[in-house]
Amino acid sequence: MSEGGLTHADARGRVKMVDVGGKPVTERRATAEALVSMSDATLDLIFEGALPKGDAIGTARLAGIMGAKRTSDLIPLCHPISLSEVAVEIERVSSTARIRTTVRNADRTGVEMEAMTAAAVAALTLYDMIKGVERGARIESVHLRHKAGGRSGEWSAPGLGD
């Protein structure tokens, strides 16, 4: 760790990848969420499977899984890690499509970035699937809801009730 307490910077402030080689392998899990707001008419098309581009939910789910697997290619200081599970669920909540992702593994580093990348990529894919009928849809948030495992243990985002 650098003098300032940053793990991704050396003593001179230069960016570096953290050495996780000495850390124990532990079970790790993270859940993230993205919200995509749009009109009720567009939500109806998504959940009825009636979009011109086809199955938006299935396509976004697959994109989220692929995004989790490619996180280290997209986020410069993420370690390439093996994933044992990536789950992507999409449900209608009020005037939004709520995307929840859960990623699990046993490794020396956590899966929070993989869960958030899965949620973000699924949200972007959902937008791509609906932009022909509603360009004004908005990706409202992408955030970590919960993580477990590793040295820091368990954490849940405050105030995020279902």
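Which element supplies the largest share of the lining of the largest pocket? The answer is given below, after an outline of the chain.

## Overall architecture

The structure is a predicted model. Its protein chain contains 4 helices and 5 strands, arranged from the N terminus in the order β-α-α-α-β-β-α-β-β. Along the principal axes, the C-alpha atoms occupy a box of roughly 55 × 30 × 30 Å.

## Burial and surface

The protein chain comprises 162 residues, and 39% of them count as buried. The chain exposes about 8800 Å², with carbon and sulfur atoms contributing 53% of that area.

With regard to charge, the protein chain carries 21 positive and 21 negative side chains. The centres of these two sets are 5 Å apart.

## The largest pocket

Rolling a probe the size of a water molecule over the atoms shows where empty space is left. The largest pocket has a volume of about 600 Å³, and 23 residues line it. Lying nearest the centre of this pocket are His8, Lys23, Thr109, Gly110 and Glu112.

Two elements, helix H4 (112-130) and strand S4 (138-148), each provide at least two residues of the lining. In answer to the opening question, H4 supplies the largest share of the lining of the largest pocket, with 3 residues.

Methods: Residues are numbered from 1 along each chain as its sequence is written. This is a predicted model: local features need pLDDT of at least 70, side-chain atom pairs count only at pLDDT 80 or more; totals for chains, interfaces and linings use all residues. Side-chain values use heavy atoms; hydrogens and water are left out. Buried means under 20% relative accessible area, exposed over 50%, partly exposed in between (1.4 Å probe, protein chains only). Accessible areas come from the Shrake-Rupley method with a 1.4 Å probe; for residues, only the protein chains shown count as cover. Lys and Arg count as positive and Asp and Glu as negative; His and the chain ends are not counted. The place of a charge is taken as NZ of Lys, CZ of Arg, CG of Asp or CD of Glu. On a 1 Å grid over the protein atoms alone, a cavity is a set of points where a 1.4 Å probe fits but cannot get out, and a pocket is an open set with protein on both sides within 12 Å along at least five of seven lines; lining residues have an atom within 4 Å of a point. Grid points are joined across faces, edges and corners, and a volume is the space filled by probe spheres set on the points.
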